[in-house]
Amino acid sequence: DVSHYVTENSPLDKEAVKRGTSVYLVDRVIPMIPHKLSNGICSLNHDVDRLALSCIMKINEKGEIIDHEIVESLINVNERMTYTAVKEIIVDKNPETMERYKDLVPMFELMAELSEILRERRYKRGAIDFEFPESKVILDAEGTPVEIRPYPSNVATRMIEDFMLMANETVAEEYCTREIPFLYRTHDKPDGDRMEATLTLIREQGIKVEKRSHEITPGEVQKILTSIEGTPEEPLISRLLLRSMARAIYTPECSGHFGLAASYYCHFTSPIRRYPDLQIHRIIKDDLRGRLDKGGRIGKYSSILQHVAEQSSAMEQRAAEAEREAVKLKKAEYMLEHVGEEYDGVISGVTGWGFYVELPNTVEGLVHIMTLKDDYYNFDEENYRLVGEQHGRVFRLGEPVRVRVRNAEPANRTIDFTYVEKETETE
């Protein structure tokens with residue numbers, strides 16, 4: 001319950017709204033609220049009482065919420081778990097880990113079962129699940145990158161995500177249906193023209209798409225993703241669909257979340273690191289304590305929420321950009337040590353100046369069009385491909401290629417590759 005400590009209009013609050021969010025860089029976190037709060041009294045540390053705001057839900061075997069209450073609570077964490085330990089219990093059945101946490105094992109197994117039910121229910125209603133692995137950058141003591149690898153989600157991370165989504169939806173639905181001023185996480189339908197161009201390209205790949213862009217639903221997008229799972233076209237189509245999507249933002253209007261196929265959605269679960277969560281915690285507490293009707297609180301919230309939504313959306317975008325740039329910087333530093341080496345990768349982007357190639361370790365670099373000496377290449381914008389004028393050689397999104405590291409410039413956060421012709425087999 002961060003709102004207990006970061007009170008409205010206090011210096012702490014003014015700084016928090018200015019920052020909007022914590023920023024997670026490769027080697028550090030720049031917190032939204034001071035470390036003494038975020039890592040101390042507001043952190044769920046082991047074996048100490050902490051003030052909390054809880055959404056307690058009763059869920060049946062079909063994954064339906066049959067009852068819920070949102071309450072001020074006190075939490076005492078009797079065990080600090082890690083995603084790795086929980087995965088070892090649920091998936092790996094590691095005997096040592098299971099013995100170490102034997103009293104909690106039945107609860108984790110039940111949680112995993114419920115998580116599956118909730119995920120399946122969300123899938124059935126059409127929620128879209130883009131699975132792109134994040135980059136894990138390993139640094140040494142001096143901050144030099146020594147390894148980069150994909151960081152896929154596992155059963156434990158998905159479990160927490162499923163429960164948080166459920167809480168976020170439940171809280172949003174309650175306040176939307178009661179028409180109390182609130183802050184929502186909204187995701188609009190994709191732009192029609194952009195989506196139509198993507199669907200046309202997908203059809204040209206021989207993939208069945210039943211709807212036109214103006215009729216597109218989350219379920220239809222999910223159907224396309226399911227139909228291409230494990231195929232060579234999967235990276236290409238997934239990226240194109242993702243690029244066609246609108247950006248999720250914060251708004252005082254409850255207009256639903258397209259990607260989650262949810263009518264109601266907000267951010268309730270992370271007030272330590274996101275201002276919108278902190279803002280709605282204040283509204284919820286005023287509601288729980290019967291203060292909303294007093295002293296013009298409803299009018300006050302109505303008047304500030306548009307600004308908070310815009311500021312939070314802008315700061316989130318800025319933080320995401322900073323996080324991406326920091327990772328790109330470390331990737332460029334890492335690849336500088338591997339100039340001249342060859343790798344297999346996949347074309348992840350095609351432009352008028354060349355094509356981008358992503359390596360299995362998530363590093364991405366550019367093969368500049370000027371380095372393709374065998375022909376003059378034209379950019380076919382509609383089909384995301386480069387076509388050789390004389391020989392008709394085509395480089396298209398999603399195609400596997402071999403590249404050599406030509407250069408890396410950490411200052412510009414760029415990596416350059418050259419395309420390596422595969423040797424033709426001789427009889």
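Modeller: Happy to! One term first: a residue counts as buried when its relative accessible area is under 20%. Keep in mind, too, that this model is predicted.

Colleague: How is a pair of aromatic rings described?

Modeller: Two things describe a pair of aromatic rings: the distance of the centres and the angle of the planes. In this structure, a search of the whole model finds five aromatic pairs. One of them joins phenylalanine 182 and tyrosine 184, tilted, with 5.4 Å centre to centre and 55 degrees between the planes.

Colleague: Are phenylalanine 182 and tyrosine 184 buried or exposed?

Modeller: Both phenylalanine 182 and tyrosine 184 are buried. Another tilted pair is made by tyrosine 377 and phenylalanine 395, at 5.5 Å centre to centre and 50 degrees between the planes.

Colleague: Where in the chain do tyrosine 377 and phenylalanine 395 lie?

Modeller: Tyrosine 377 belongs to strand 12 (residues 377-380) and phenylalanine 395 to strand 14 (residues 394-396), so the pair links distant parts of the chain, 18 residues apart.

Colleague: Why is phenylalanine 395 called buried?

Modeller: Because its relative accessible area is 1%, and the cut-off is under 20%. Tyrosine 377 is buried as well, with 4%. These two also belong to one aromatic cluster with Phe355 and Tyr419.

Colleague: Which charged ends sit over a ring?

Modeller: Among them is the charged end of lysine 136, over the ring of tyrosine 151 and 5.1 Å from its centre. The charged end of arginine 185 sits over the ring of tyrosine 250, 4.7 Å from its centre.

Methods:
Residues numbered from 1 in each chain as written. Predicted model: local features only at pLDDT ≥ 70, side-chain atom pairs only at ≥ 80, totals over all residues. Heavy atoms only, no water. Phe/Tyr/Trp six-rings, centres within 6.5 Å; stacked < 30°, edge-to-face > 60°. Buried < 20%, exposed > 50% of the residue type's maximum accessible area, 1.4 Å probe, protein only. Helix = DSSP H or I, 4+ residues; strand = E, 2+ residues; numbered from the N terminus. Lys NZ or Arg CZ within 6 Å of the ring centre and 35° of its normal.
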